[in-house]
Amino acid sequence: MVTLRGEHTREHLKKIVIINQKGGVGKTTTVVNLGDALTRQKKKVLLIDLDPQAHLSYSLGIQAHELVHTVYELIKGESRFKETLITRGKLHLIPSSLELAGSDLELGGIAGREFLLKEALSGVSRYDYVFIDCPPSLNLLTLNALVFAREIFIPVQAEYLALQGMSKLLQTIDVVKNRLNKELLVSGVIGTRFDKRKLLNREIIEQIDQYFAEKLFKTLIRENVSIAEAPSHGKTIFEYKASSSGAEDYRALAQEIIKRK
Ligand SMILES: Nc1ncnc2c1ncn2[C@@H]1O[C@H](COP(=O)(O)OP(=O)(O)O)[C@@H](O)[C@H]1O
Ligand SMILES: [Mg+2]
């Protein structure tokens, strides 16, 4: 499709938020590496860092604290999309800022506060996938992500209490769906940090499978030391160690996602 301005528009833009209010389950890791895996399969990918800790930005070697234009200015209407966008090879990133940490208080009184991100990104269409990395909490930023997105992927770490807090998360998603975004859908669950040598891990994956049924991706992301090392080098797993099991798993996950629809 070609728009009036002559731009090429991707008709099947997938807007996916990666969410789980638990920290350390692999949200940021998944956004970075699944994003890169998809660019290597010829997809155009935009990553949005919506966590004030800016781990996504730093993981890609972006010194977030030095930036003038970040997602914080973007949602406040003080920066335009084009000046906020960082092009890093084939990956495109909207970086985060520590200042986002105060956004609940600062933006809380504004009418339409849940729609700020959606409005800021309304002209964005030239991608196949947009992934949003969320903070480990259910706050105004998370709501903004849920209002913008169409799909939700939930990473779940294969460990004890993996599903604790899940009903709260699903309840929040339902409220957003009913009141703010009718299109919203949990479309994928990703088992992360899996260690098949541990019986407990396998039992937990079975529990997750029963709970989410066909939503659980067949590809499980195994525990892999290279995945943990790559961010400190500012690299994705494919840039850091393409032969690792981590690269293999995220490549397989990307293929599974492309094949689904
Ligand atoms: N499959 C994995 N194997 C080994 N370490 C991992 C894996 N996935 C994530 N990690 C590490 O676990 C920590 C938490 O992951 P992260 O993606 O930051 O979680 P979240 O964004 O949900 O808080 C990070 O140090 C990350 O490098
Ligand atoms: Mg994170």
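**Figure 1. Overall fold of the predicted model.** The protein has twelve helices and seven strands, taken as DSSP runs numbered from the N terminus (helices: H or I, at least four residues; strands: E, at least two). This is a predicted model, in which local features need pLDDT of at least 70, side-chain atom pairs count only at pLDDT 80 or more, and totals for chains, interfaces and linings use all residues. Residues are numbered from 1 along each chain as its sequence is written, while chains are lettered from A and ligands numbered from 1 in the order in which they are written. The C-alpha trace spans about 50 × 40 × 40 Å along its principal axes. The radius of gyration is 18 Å, which agrees with the value near 18 Å for a compact globule of 261 residues; it is taken over C-alpha atoms, and the globule rule is 2.2 Å times the number of residues to the power 0.38. Of the 261 residues, 43% are buried, that is, with 20 or more other C-beta atoms within 10 Å of their own, C-beta atoms being placed from the backbone (exposed: 12 or fewer; partly exposed: in between). Among contacts between residues at least 6 apart in sequence, 77% join residues at least 24 apart; a contact requires C-beta atoms, placed from the backbone, within 7 Å.

**Figure 2. The open sheet.** The strand order is β3-β4-β2-β5-β1-β6-β7, with mixed pairing; two strands pair if DSSP finds at least two bridges between them. β3 (86–88) and β7 (185–192) are at the edges with a single partner strand each, so one side of each has no neighbour in the sheet. From one strand to the next the twist averages 25 degrees, with axes fitted as lines to C-alpha atoms (for helices, over the stretch in contact) and angles running from 0 to 180 degrees between N-to-C directions.

**Figure 3. Strand β1 and its neighbours.** Four of the five residues of β1 are buried. β1 pairs with β5 in the parallel sense over five bridges, and V17 has I132 of β5 as its bridge partner. The pairing of β1 with β6 (residues 151–157) is also parallel, over three bridges, with I16 opposite E151.

**Figure 4. The covered helix α7.** All nine residues of α7 (residues 140–148) are buried, among them L140, N144 and F148. Elements covering these buried residues include β1 (14–18), β5 (129–133), α3 (71–75), α5 (103–107), α6 (116–120) and α8 (166–179).

**Figure 5. Surroundings of G35.** G35 lies in helix α1 (residues 27–39). It counts as buried because 28 C-beta neighbours lie inside 10 Å. Beyond its neighbours within four places in sequence, G35 is in contact with V45, L47, L91 and F131. V45 is ten residues from G35 in sequence, and their C-alpha atoms are 6.3 Å apart.

**Figure 6. Packing of α1 against α12.** The axes of α1 and α12 (residues 245–260) are 9 Å apart, at an angle of about 65 degrees. N33, L34, A37 and L38 of α1 meet Y250, R251, L253 and A254 of α12. By class, the contact has six nonpolar, one polar and one charged residues (nonpolar: Ala, Val, Leu, Ile, Met, Phe, Trp, Tyr, Cys and Pro; charged: Asp, Glu, Lys and Arg; polar: the others, Gly among them).

Technical notes. Two residues are in contact if their C-beta atoms, placed from the backbone, lie within 7 Å.
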